[in-house]
Amino acid sequence: MKKYLSLLICLMAILTASANPADDLLERIDAGASRKFKTQLVKTDYDFFELDQSGSRVVVRGNTWVNIATGINWYLKYHAGIHLSWNGMKTKLPAKLPAVTQRERHETDLTLRYDFNYCTFSYSMAFWDWDRWQQEIDWMALHGVNMPLAIVGEECVWRNMLLRLGYSEEEVGRFIAGPAFLAWWEMNNLEGWGGPLPLSWYARQEKLQRQILARMKQLGMKPVLPGYCGMVPHDAKEKLGLDVADAGLWNGFQRPANLLPTDPRFGEIARLYYEELTRLFGKADYYSMDPFHESNDDSRIDYAEAARGLLKAMRDANPKATWVVQGWTENPRPQMLEALREGDVIVLDLFSECRPMWGAPSVWHREKGYEGHQWLFCMLENFGGNVGLHGRMDQLIDNFYMTKTNPLAKNIRGIGFTMEGSENNPVMFELMSELPWRKDKFTKEQWVADYVKARYGFDDPEVQKAWLVLAQSIYNCPLGNNQQGPHESIFCGRPTLNNFQASSWSKMKNYYDPEDTRYAASLMAGVANKYRGINNFEYDLVDIVRQAVADQARIQYQRTIADYKAFSRSAFKADAARFLQMLDMQDKLLGSRREFRLGSRLEDARNCGTTAAEKDLYEWNARVQVTTWGNRYCADTGGLRDYAHKEWQGLLADFYAMRWKAYFDALEAQMESLTKPDPELLGSGANSSKTADELFQMALPQEVKLDYYALEEPWTLKHNTYVSEPVGDPVDLAVRAMQLIGKSVKQ
């Protein structure tokens, strides 16, 4: 009897929770908030939301729960001056909400709004628990997302499938990657790195994915599940007798092999995969597959036939499903698109704000766009989860509204957020989320003015001026600049005599004056005392001042290297010390916010473990990802080191400062050695062994070569504690940081 009573209670709880998911969302924002709103689901064949008033309650209507949530967010921002973002998804609503004095309606024909890149699940979400995922799903609903990528727990599907194919648990462990590297395993880039995964991890992720999918579906979202595109362990030829194409190496890592869809056993393997996927997580209307990701063309592959084979396997599992593929570099191959019919596939134009492939002018321009297939206009914005102010406001707005008139864009179906790392630059994601709902083109200046009032709940001329400066400089990376993500901090790169970008592929190119970020930070810090305690303001204050410190540190670095090249030893010592002082100040400033503390990430990682060994494994994953990324070969020769670098408290003080101090000490020691006799030229006849050119080269400043990996790896193996709780007052520390980097010349 007790068993049935428990089941009845659970069923009632589910039914109650799903009766009005918008009310549930409001209650998660603020207890009692749902009583201040009246949400109405209205059936229509087009997407809309509408704001209205009924007595003391704000009315929000829409044709889907996600559109109603979008309307709630619009009301909170532009009527109540309340902005919910990654740095704060809860708030205390006023006792009486501002009334909607005139009915307001927004419509869009862009019915699909996608979210996530595979990389996001590792760079940002690797160690999220259900509480954090609830907040993210709420963020998605508030920002109009109805088509989220949902790949948590894919490793569970693969484990089950491989065991059915005869692989042992040990062999599965050597194939599936660790938590911080699952995205690149899923994209067919590497095997096993960061593993093996404990069995408790699979149980955790299976439960978590079911919770995620249930909440997404409750809100009316259509999750995109991972499909099967032919990946098999690289030893599948020997182990299973399959005819596979060896994919070689990816930045030094062994890639899984490709089982071609034309192979006689492809259907069998795909069927096993979809059986396990469906058993664990059900069916989906959309499946994500990116075959031959970041790989050169292979003459052995019939890409058209491969496309047909992949589609058939997916449709065998769900005849009504649509294939979702990323538009990235060479993918999807034109031959694949030509082999598919309209409606078979939706292409994510992954980097629409910079390198659109749908037909707009860009370095990745495709003359025929996506061959008549449906596609989504996506914003990538962030690579590697790097910290830094960055955006392409003019390009984003111009490229988006170009789709209204360009014939190649006639099959656009929606938009997408496709960031590699989340929880950064909320202004850009806010702008992107509003584009489908704004019929007429606008300027970034108009939009930013309203955004600032909405984000802070006040309208201060100095703060407005600061954001206008940012919008016209660092948030307006121009057409032709193809850098990947934010300007990288000088603090985060391995030191050399010619430091510029921190990672191997950022393609950094100067486009804004560092005086602009210092001026904007000065304006924010100048009024900060008035706005103590306002969460969004303090977060932005720390982030903007952080950017100013990083930009001024780049100038300080150049001075220090100039001292070295001029052999000004006393000046070098003073300037190197000031650079390290700026790095230390940056560490303290960022420590005042939980979002910028290494401890937050490491605590999340360790909390996933059920034993000390598991906790240590997950912490190692987290530490390695943001530093060396791979082993020595992959970090150095493969170029992966510092790709996911972070300006975080703790990482700055203990990792980046360690490298810079070692480098400056080595330069100082070298200068000291040059004041003494050169042992190479001592002794009879030594001079005669050197050519004139060799003697000339010896006279030039010589780069100091340190074994950075040897310095870095020991830190990744440590288990010293970094706490997540903020230390220090963000306003006071921001003011101190501004005093250190000096007054702006624009003031």
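How does the lining of the second largest pocket split by class into nonpolar, polar and charged residues? I counted 15 nonpolar, nine polar and five charged. My classes: Ala, Val, Leu, Ile, Met, Phe, Trp, Tyr, Cys and Pro are nonpolar, Asp, Glu, Lys and Arg charged, and the others, Gly among them, polar.

**Ground rules.** This is a predicted model, where local features need pLDDT of at least 70 and side-chain atom pairs pLDDT 80 or more, while totals for chains, interfaces and linings use all residues. Residues are numbered from 1 along each chain as its sequence is written, and side-chain values use heavy atoms, with hydrogens and water left out.

**Pockets.** I worked on a 1 Å grid over the protein atoms alone; a pocket is an open set of points where a 1.4 Å probe fits, with protein on both sides within 12 Å along at least five of seven lines, and lining residues have an atom within 4 Å of a point. Volume is the space filled by probe spheres set on the points, which are joined across faces, edges and corners.

The second largest pocket comes to about 610 Å³. Of its 29 lining residues, Trp-250, Asn-251, Glu-294, Trp-328 and Trp-505 lie nearest the centre.

The largest pocket has a volume of about 950 Å³. I found 38 residues lining it, with Trp-128, Arg-132, Glu-423, Ser-600 and Asp-604 nearest its centre. Its lining divides into 11 nonpolar, 14 polar and 13 charged. H21 gives the largest share of that lining, five residues (helices are DSSP runs of H or I, at least four residues, numbered from the N terminus).

I also checked charges over rings (NZ of Lys or CZ of Arg within 6 Å of the ring centre and within 35 degrees of the ring normal). The charged end of Arg-132 sits over the ring of Trp-128, 3.8 Å from the centre. Arg-355 does likewise with Trp-364, at 4.9 Å.

**Aromatic pairs.** I searched the whole structure and got 66 (rings of Phe, Tyr and Trp, six-membered ring for Trp, with centres within 6.5 Å; stacked under 30 degrees between planes, edge-to-face over 60, the rest tilted). Tyr-123 and Trp-184 are edge-to-face, 4.7 Å centre to centre and 65 degrees between planes. Tyr-123 is in helix H4 and Trp-184 in helix H8, 61 residues apart. Tyr-123 is buried at 4% relative accessible area (buried is under 20%, exposed over 50%, partly exposed in between; 1.4 Å probe, protein chains only). Phe-458 and Tyr-531 are stacked, at 3.7 Å and 5 degrees. Both are buried.

Key. Helices (H or I, at least four residues) and strands (E, at least two) are DSSP runs, numbered from the N terminus.
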